[in-house]
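Please consult the sequence and the model shown below.

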Amino acid sequence: MELDNRKKRILQAIVNEYIDTVEPVSSGSLIQKYELDCSSATVRNEMANLEKAGFLEKTHTSSGRIPSSKGYRFYVDKLLSEKNLSLNEIKYINSTLQNRVDEMEELTKIATNTISEITHYTTVSIEPDAAKQKIQEIKFVLIGARMLMAIILTENGTIKETIIKFDSDITEEQVETLNTTFNNKLKGQYLSLIDMPLEQYIMNEMSYRVDVIKPIVEQINKVLNDESKFYLKGANQALDNPEFGSRDLAKRFLGLLDRKDFISEILGEDDFNVYIGSEEDGLKDLSIVTFRNKVNGKDLGTIGIIGPTRMDYSKVISVLKYINKELNKDLSLGLEEGSDKRDGP
């Protein structure tokens with residue numbers, strides 16, 4: 001069904017009113033609050049048409065109507081306008097982002113925390129897919145006779161560190177050879193290569209036994225696939241929304257947060273997307289807004305905001321875009337300075 005301008009204005013008003021009040025919307029409330037330039041009878045008729053077309057739903061407790069998943073979808077795709085953030089919100093965001101960090105992945109955690117505080121929804125983030133990151137450098141540092149630290153720096157600025165223990169002594173000469181060999185083989189290659197049995201082709205150029213190379217590869221694999229790449233903030237804040245007074249919805253929401261694989265899959269699909277309610281299996285009465293966080297052209301991972309379908313989409317998207325803009329404007333220089341410090345004089 002094609003919506004004419006009047007139906008669009010009425011649907012937009014209903015969604016905005018329901019987001020603000022959490023109450024089914026009647027024609028009378030729309031006439032009083034929104035300049036619709038039509039009679040109450042006309043509004044009632046148009047609301048009935050929108051319900052018939054699947055954009056609205058009528059609750060059994062009231063003659064008012066609420067948006068359906070289809071209605072929210074049309075609103076997000078066609079009617080949504082970004083909100084101006086308040087001065088206090090802008091000050092809070094800017095003060096939070098003043099923190100300079102040495103590691104790129106910390107930026108996404110800072111952004112995740114800030115978004116949750118401003119929107120009062122649950123916010124999750126995941127690091128970029130390791131398979132899509134290229135290795136800039138691998139460095140091994142001897143920290144004990146039988147203990148080695150491996151540091152992996154990607155072109156995105158992500159740093160991974162892990163400790164490797166051995167059953168026999170490792171010499172500084174062996175460490176130097178490891179640094180040269182691993183960098184010659186892996187520099188500029190995708191991290192996914194570490195899933196290969198590296199010892200097979202590294203052993204061809206080194207005189208080391210497999211019991212030296214194999215634990216290195218195994219430990220690097222472990223740290224790259226660690227679940228710490230999944231970060232969550234504000235689970236309790238989301239439960240303050242009145243919808244979660246329903247034990248059933250609250251239970252499904254908390255169950256969703258436990259499904260890290262499901263959330264990670266959704267967050268990894270697109271640069272920006274809005275998943276609404278019943279459009280996606282497992283999201284009944286819930287929505288997720290996803291946004292790929294890029295700073296200075298570097299992919300820092302994806303942020304997802306989870307809340308009820310009555311989410312303030314306009315506010316969420318405005319906050320996401322503002323934070324991303326500020327990160328690009330203010331932090332890219334700080335990151336470059338931090339990188340210079342790591343590189344030494």
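## Largest cavity

Ala 111, Ile 115, Phe 291, Asn 293, Ile 303, Leu 320, Ile 323, Asn 324 and Leu 327 line the largest cavity. On a 1 Å grid over the protein atoms alone, a cavity is a set of points where a 1.4 Å probe fits but cannot get out, and lining residues have an atom within 4 Å of a point. Helix H6 (105-119), strand E9 (286-295) and helix H13 (313-343) each give two or more residues to this lining, and H13 provides the largest share, 4 residues. Helices (H or I, at least four residues) and strands (E, at least two) are DSSP runs, numbered from the N terminus.

The space in the largest cavity is about 30 Å³, and the count of cavities of 30 Å³ or more is 1. A volume is the space filled by probe spheres set on grid points, which are joined across faces, edges and corners. The lining comprises 7 nonpolar, 2 polar and no charged residues. Here Ala, Val, Leu, Ile, Met, Phe, Trp, Tyr, Cys and Pro count as nonpolar, Asp, Glu, Lys and Arg as charged, and the others, Gly among them, as polar.

## Basis of the model

The model is predicted: local features need pLDDT of at least 70, side-chain atom pairs count only at pLDDT 80 or more, and totals for chains, interfaces and linings use all residues. Residues are numbered from 1 along each chain as its sequence is written, and side-chain values use heavy atoms, with hydrogens and water left out.

## Second largest pocket

A pocket is an open set of points with protein on both sides within 12 Å along at least five of seven lines. The second largest pocket has a volume of about 340 Å³. Of its 19 lining residues, Glu 57, Ile 66, Pro 67, Asp 285 and Thr 309 lie nearest the centre.

Strand E2 (65-67), helix H4 (69-79) and helix H11 (247-258) each supply at least two lining residues; the largest share, 3 residues, is from H11. By class, the lining has 6 nonpolar, 6 polar and 7 charged residues.

## Leu 3

Leu 3 lies in the segment before helix H1 (5-21). Its relative accessible area is 8%, so Leu 3 is buried (under 20%, with a 1.4 Å probe and protein chains only). Beyond neighbours within four places in sequence, Leu 3 is in contact (heavy atoms within 4.5 Å) with Lys 8, Leu 11, Leu 50, Phe 55 and Phe 74. Leu 3 and Phe 74 are 71 residues apart in sequence, with 9.9 Å between their C-alpha atoms.

How values were computed. Buried < 20%, exposed > 50% of the residue type's maximum accessible area, 1.4 Å probe, protein only.
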